[in-house]
Amino acid sequence: MTKPPKILYDCDTGIDDAMTLLYLASLVQAGEAELTAVGTVHGNIDPVTGALNTLRVLEAAGIPVAGAGPDAGGQGVPVAVGAARPMAQDVHYALDWHGTDGLGDTHLPEPAGRPVSEPAPAQIVRLARETPGELTLLATGPLTNLGSALLLDHELPSLIREVVVMGGAFDHPGNITTHAEANIWHDPEAADLVFAADWPIVLVPLDATHPTAVHDDWLDRLAAHETPVARFAASILEFYADAYTPTLKRRGAVIHDALAAMLVVDPELGEYVQRPVRVELRGELTRGTTVWDARSLPADDTRRPVKVAVGSDVAAFQERLLSALLTF
Ligand code: BDR
Ligand code: CA
């Protein structure tokens, strides 16, 4: 039997990041993954609010967090705050999509736990050094923390098992500009550092995530479940579906980040192509766009090819996510 992956989750919590935390919590409880640590980054919201949201969600799911309760600093999952701004541009948040609190304006009470004092990029480097070759970095926000960790430790790529990123758009329109996807557009320089590094990357772009949109039937099945976690998930998705309905032209929501998490544990649910990826850094209309080299080999690009998900088993994704949410 293969060992459950040790996941360090870097996120900008955020509604679909919150759904992903619930999915990861269900894997932890089933012994199918270890959640080694979480780091937060600017993106949907500022990283301090994102860290407090992360603590709220983990606590709701019954996952012990470091720094909570009488044995503060104990064995729980550490939640570290990371970069508050991108490397080379102004910061932008996505409050229209995620609410002014990042969780669909649910305005939940303060969590019991607190973020740890170590910054998220330093946490990545330390944990990679402590468990060489074991850590999977799952990133579903802008890539500033991963880019900063690469700048802190040039040996980082050799210490990481795999990097799985939700971001980018290739044969799919952008969702923040005509061509760019939000996570990459929020920090194009950091994203390009990550794609340039010599480590195994799985990239999960809009091409793969958009077709997984859930609609009324799925949302109604979740809402019919009377547990506190299902009620919380249904309430934040209510806000997200309101934001998504004009784009999808029917009621529904795209839970992008959860697909990336599911492909960590069930890679066979995805269809992939292997291509070098770069980020457009200078285009007036295209800054933040992901560009792949789709020409037939030999490619000019010397970058290590990225495994890009171009599709997935949508029905399996939707059923597995719903069953995970109903286990609490
Ligand atoms: C990505 O952008 C964010 O708003 C979501 O949380 C997701 O990570 C989708 O483009
Ligand atoms: Ca996100």
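Trainee: Hi! What should I know before I start?
Mentor: This is a predicted model, where local features need pLDDT of at least 70 and side-chain atom pairs count only at pLDDT 80 or more, while totals for chains, interfaces and linings use all residues. Residues are numbered from 1 along each chain as its sequence is written, chains are lettered from A and ligands numbered from 1 in the order written, and side-chain values use heavy atoms, without hydrogens and water.

Trainee: Okay, which residues are around ligand 1?
Mentor: Among them are Asp16, Asn44, His98, Met166, Asn183 and His256; being around it takes a heavy atom within 4 Å.

Trainee: And how does that shell divide into nonpolar, polar and charged?
Mentor: There are 2 nonpolar, 6 polar and 4 charged residues. Ala, Val, Leu, Ile, Met, Phe, Trp, Tyr, Cys and Pro count as nonpolar, Asp, Glu, Lys and Arg as charged, and the others, Gly among them, as polar.

Trainee: How far is the side chain of Asp16 from an oxygen atom of ligand 1?
Mentor: An N or O atom of the Asp16 side chain is 2.5 Å from that oxygen. For Asn44, a polar side-chain atom lies 2.7 Å from a ligand 1 oxygen, and for Asn183 the distance is 3.0 Å. A polar contact here is a pair of N or O atoms within 3.5 Å.

Trainee: Switching topic, what coordinates the calcium ion?
Mentor: Asp12, Asp17, Thr140 and Asp257 coordinate the calcium ion (ligand 2), at 2.2 to 2.7 Å. Donors are N, O and S atoms within 2.8 Å of the metal, or 3.2 Å for Na, K and Ca; water is not among the atoms, so sites may look incomplete.

Trainee: Which peptide bond is cis?
Mentor: The one from Thr13 to Gly14, with omega near -10 degrees. Gly14 is in the loop between E1 and H1.

Trainee: And what about the phi of Asp105?
Mentor: Asp105 has a positive phi of about 55 degrees, although it is not a glycine.

Conventions
A polar contact is a pair of N or O atoms within 3.5 Å; within protein, one must be able to donate a hydrogen and the other to accept it, and residues adjacent in sequence count only if both atoms are side-chain atoms. Helices (H or I, at least four residues) and strands (E, at least two) are DSSP runs, numbered from the N terminus.
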